[in-house]
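Work through the exercises below with the model open. Each task is followed by a solution in steps.

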Amino acid sequence: KRSVQWRSLWHEIAATMAREGTTLLATGFAGLVAGALTFVSFVDTRTLLQLCAVGEEGKAEARGDAAVGGQEQKKAVEGRAAAEDEKQPVTQPKEPCGEVLVKSVFTRWWPNGRDLMVTLLSLSTGAHAAAYYATEQLGWAVGGALIALIGPYTALVLGEDIDTLRKAGSSDTRTITRRFCLLHHVRLVAALGGFGLALFNLANNGQ
């Protein structure tokens with residue numbers, strides 16, 4: 001009898017540790033996913049949009065230059081001719097335009113962010129599956145599904161824009177960047193939903 005009681009006690013302790021450990025891990029990874037995507041929404045996407053604005057300023061300046069009157073254009077031509085005669089180097093104008101800046105940043109930013117998010121999403125989904133197995137609470141399965149769907153959503157909805165922004169010479173970079181930044185926020189909503197469910201499930205664990 002005593003041996004049976006000890007085995008029963010150890011089984012109960014092991015089940016409790018598995019339940020508590022898996023639920024804490026699931027909640028922690030859900031928080032990391034939500035935190036990472038929150039940073040993307042409030043820092044990275046705003047940075048990309050600001051780079052687009054740099055491009056718009058450059059185009060506005062170009063339109064302003066094109067609108068200069070005939071007399072000023074003539075003076076500019078004469079000035080360049082005089083500079084060539086005196087063998088003075090002509091100043092090279094302007095910073096890189098917005099399209100160039102966006103592509104330069106995106107081609108470096110996306111692979112690093114993708115590698116991090118693939119790892120976090122995999123770990124979080126696995127932890128939620130383990131928590132559901134240990135607790136048999138449906139909330140863990142639902143929260144894990146919300147987080148797991150971020151990956152397919154990224155590939156199916158954002159994949160084309162991501163590929164375009166990573167390729168040199170693509171047209172309409174500003175429109176594609178704005179669309180990418182807007183559609184990204186759906187991923188944040190899913191991550192926050194998964195994290196909120198994890199906190200709720202953790203608070204009601206065992207009830």
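**Exercise 1. The buried side of a helix**

Which residues are buried in H4? Then decide how they are arranged around the helix axis.

Solution. The model is a predicted one. Step 1: take the cut-off for burial, which is under 20% relative accessible area. Step 2: apply it to H4, where Gly-139, Trp-140, Gly-143, Gly-144 and Ile-147 are buried. Step 3: look down the axis of H4; the buried residues fall within an arc of 130°, so they line one face of the helix. Step 4: relate this to helix geometry. An α-helix has 3.6 residues a turn, so residues three or four places apart point the same way.

**Exercise 2. The nonpolar cores**

Identify the residues that touch the most other members in the largest nonpolar core, and the helices that supply it.

Solution. Step 1: the largest nonpolar core has 19 residues, and Val-33, Leu-37, Met-117, Leu-121, Ile-150 and Ala-191 touch the most other members. Step 2: assign the core to helices. At least two residues come from each of helix H1 (2-66), helix H3 (98-135), helix H4 (138-148) and helix H6 (173-203). Step 4: examine Leu-121, which touches Val-33, Ile-147, Ile-150 and Gly-151 when residues up to four places away in sequence are not counted. Step 5: separate off the second core, a set of 15 residues including Leu-51, Cys-52, Val-102 and Ile-162.

**Exercise 3. The course of H3**

Compare the span of H3 with the expected value, then find where the helix is kinked.

Solution. Step 1: H3 has 38 residues, and its first and last C-alpha atoms are 51 Å apart. Step 2: at 1.5 Å a residue the expected span is 56 Å, and the value found is close to it. Step 3: follow the axis; H3 has a kink of about 30° centred on Phe-106. Step 4: continue past the end of the helix. Just after H3, Glu-136 takes a positive phi of about 60°.

**Exercise 4. Salt bridges**

Solution. Step 2: Arg-174 and Glu-99 meet at 2.5 Å, N to O. This pair links distant parts of the chain, with Arg-174 in helix H6 and Glu-99 in helix H3, 75 residues apart. Arg-174 is buried, at a relative accessible area of 10%. Step 3: Arg-179 and Asp-161 meet at 2.7 Å, N to O. Arg-179 is in helix H6 and Asp-161 in helix H5 (residues 150-166), 18 residues apart. Arg-179 is partly exposed at 37%, whereas Asp-161 is buried at 5%. Step 4: Asp-115 pairs with Arg-114, the closest N and O atoms being 3.2 Å apart. Asp-115 is partly exposed at 43%, and Arg-114 is partly exposed at 32%.

How values were computed. Residues numbered from 1 in each chain as written. Predicted model: local features only at pLDDT ≥ 70, side-chain atom pairs only at ≥ 80, totals over all residues. Heavy atoms only, no water. Core = buried A, V, L, I, M, F, W, Y, C linked by side-chain atoms within 4.5 Å. Buried < 20%, exposed > 50% of the residue type's maximum accessible area, 1.4 Å probe, protein only. Helix = DSSP H or I, 4+ residues; strand = E, 2+ residues; numbered from the N terminus. Contact = heavy atoms within 4.5 Å. Expected span 1.5 Å × (residues − 1). Bend = angle between axes of the 7 residues up to and from the residue. Salt bridge = Lys/Arg side-chain N within 4 Å of Asp/Glu carboxyl O. Arc of directions from axis to C-beta.
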